[in-house]
Amino acid sequence: MKVKYFAWVRERVGIAEETVEPPASVRTVDDLIGWLSKRGEAYAYAFETPKVIRAAIDHAHVRPDAAISGAREIAFFPPMTGG
Amino acid sequence: MTVVATIRIQETDFDIGQEIAALTKGRSDVGAVVSFSGICRGSENGEPIAALTLEHYPGMAEAEITRHADEAISRWPLTGLTVVHRVGRITPGENIVLVLAASQHRQAAFQAAEFLMDYLKANAPFWKREESPKGASWIEARDHDDAAAARWTKS
């Protein structure tokens with residue numbers, strides 16, 4: 001699946017998007033955050049406070065317990081500040 | 001008649017008069033147009049700002065605005081609706097966002113415009129980075145923006 005990062009999450013991870021293949025044990029958005037956090041210091045820094053991270057699956061907002069199976073694109077970003 | 005919202009995300013500025021004319025030109029059923037413009041301030045919490053840079057999530061930003069625009073159209077008897085959101089670098093005094101709601105009577109137009117702005121603030125995937133003499137930093141979300149959006153879901 002494709003993973004995208006925005007705003008300071010993107011800056012901390014160091015890339016805007018990538019394709020990942022997490023193991024089957026990674027079932028939810030929260031699981032994915034935990035799995036990504038272990039990929040290196042940059043990821044650990046980006047996801048150091050998981051509760052402030054917002055997520056979207058295929059362009060729709062989701063909660064941390066949302067299942068990721070079948071997702072084409074998952075995005076992680078800070079709370080929004082548009083308007 | 002089916003109302004289709006006009007939604008644009010663009011780097012360039014917009015002309016409010018031209019956008020209003022697009023909702024009213026050649027029509028006699030529009031009795032009210034409410035216009036909200038969000039403008040870049042020159043200071044934040046007493047600190048001067050040189051510019052804002054707006055980042056967005058292409059695809060999802062359009063989808064979220066469309067979803068909320070469609071909800072506004074289903075909740076209020078509107079004759080037209082326009083949302084324009086700028087991205088990129090914006091300096092103090094420049095426009096950031098425009099919401100226009102048109103209807104036969106003012107109440108629907110006022111309410112729809114306020115509803116859309118409250119929802120866009122809390123749910124549309126845009127992020128502001130500010131440049132100040134101290135350097136650049138991402139603007140933090142405000143809890144009262146979430147509260148403003150939530151009040152529209154109360155029964």
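Hi everyone, let's start with a sheet in chain B: an open one of four strands, in the order β7-β5-β9-β10, with antiparallel pairing. Two strands pair here if DSSP finds at least two bridges between them. Helices (H or I, at least four residues) and strands (E, at least two) are DSSP runs, numbered from the N terminus. In this sheet, β7 and β10 (135–138) of chain B stand at the edges with a single partner strand each, so one side of each has no neighbour in the sheet. The twist averages 25 degrees from one strand to the next. For angles, axes are lines fitted to C-alpha atoms, for helices over the stretch in contact, and the values run from 0 to 180 degrees between N-to-C directions.

Before I go on, a word on what we are looking at. This is a predicted model, in which local features need pLDDT of at least 70, side-chain atom pairs count only at pLDDT 80 or more, and totals for chains, interfaces and linings use all residues. Residues are numbered from 1 along each chain as its sequence is written, while chains are lettered from A and ligands numbered from 1 in the order in which they are written.

Back to that sheet, strand by strand. β5(B), residues 51–56, pairs with β7(B), residues 88–90, in the antiparallel sense over three bridges, and there Leu52(B) stands opposite Ile90(B). With β9(B), residues 126–132, β5(B) makes six bridges, again antiparallel; His56(B) faces Phe126(B) in that pairing. Then β9(B) is joined to β10(B) by four antiparallel bridges, with Glu130(B) opposite Ser137(B).

Now for another sheet in chain B. This open sheet of four strands has the order β1-β6-β8-β2, and its pairing is mixed. Its edge strands are β1 (6–10) and β2 (32–39) of chain B, each pairing on one side only. Here the twist from one strand to the next averages 5 degrees. β1(B) and β6(B), residues 78–86, run parallel and are joined by five bridges; Ile7(B) has Val83(B) as its bridge partner in β6(B).

What packs on this sheet, touching β1 and β6 of chain B? That is α2(B), whose direction makes about 155 degrees with that of β6(B). A touch is a contact, which for two residues means C-beta atoms, placed from the backbone, within 7 Å. α3(B), in turn, lies across β2, β6 and β8 (95–103) of chain B and runs at about 150 degrees to β8(B).

Let me stay with α2(B), residues 60–75, for a moment. At 1.5 Å a residue its 16 residues should span 22 Å, and the end C-alpha atoms are 22 Å apart, which agrees. The expected span is 1.5 Å times one less than the number of residues. Its buried residues are Met60(B), Ala61(B), Glu64(B), Ile65(B), His68(B), Ala69(B) and Ala72(B). Buried means 20 or more other C-beta atoms within 10 Å of the residue's own, exposed means 12 or fewer, and partly exposed is in between, with C-beta atoms placed from the backbone.

So how do the chains meet? The contact takes 22 residues from chain B and 14 residues from chain A. On the chain B side, the elements giving two or more residues are β5, α2, α3 (106–123) and β9. The largest share, five residues, comes from α3(B). By class, that side has 15 nonpolar, four polar and three charged residues. Nonpolar covers Ala, Val, Leu, Ile, Met, Phe, Trp, Tyr, Cys and Pro, charged covers Asp, Glu, Lys and Arg, and the others, Gly among them, count as polar.

Over to chain A, which has three helices and five strands. From the N terminus on, they run β-α-β-α-α-β-β-β. With 83 residues, a compact globule would have a radius of gyration near 12 Å, and chain A has 12 Å, which agrees. That radius is taken over C-alpha atoms, and the globule rule is 2.2 Å times the number of residues to the power 0.38. The C-alpha atoms fill a box of roughly 35 × 30 × 20 Å along the principal axes, and 30% of the 83 residues count as buried.

Last, some backbone angles in chain A. Most residues other than glycine have a negative phi. Ala7(A) is not a glycine, yet has a positive phi of about 55 degrees; its place is in helix α1 (residues 7–13) of chain A. Is Ala7(A) buried or exposed? Ala7(A) is buried, with 23 other C-beta atoms within 10 Å. Asp58(A) also has a positive phi, of about 45 degrees, and sits in the loop between β3 (54–57) and β4 (60–62) of chain A. Asp58(A) is partly exposed, with 15 other C-beta atoms within 10 Å. Thanks, everyone!
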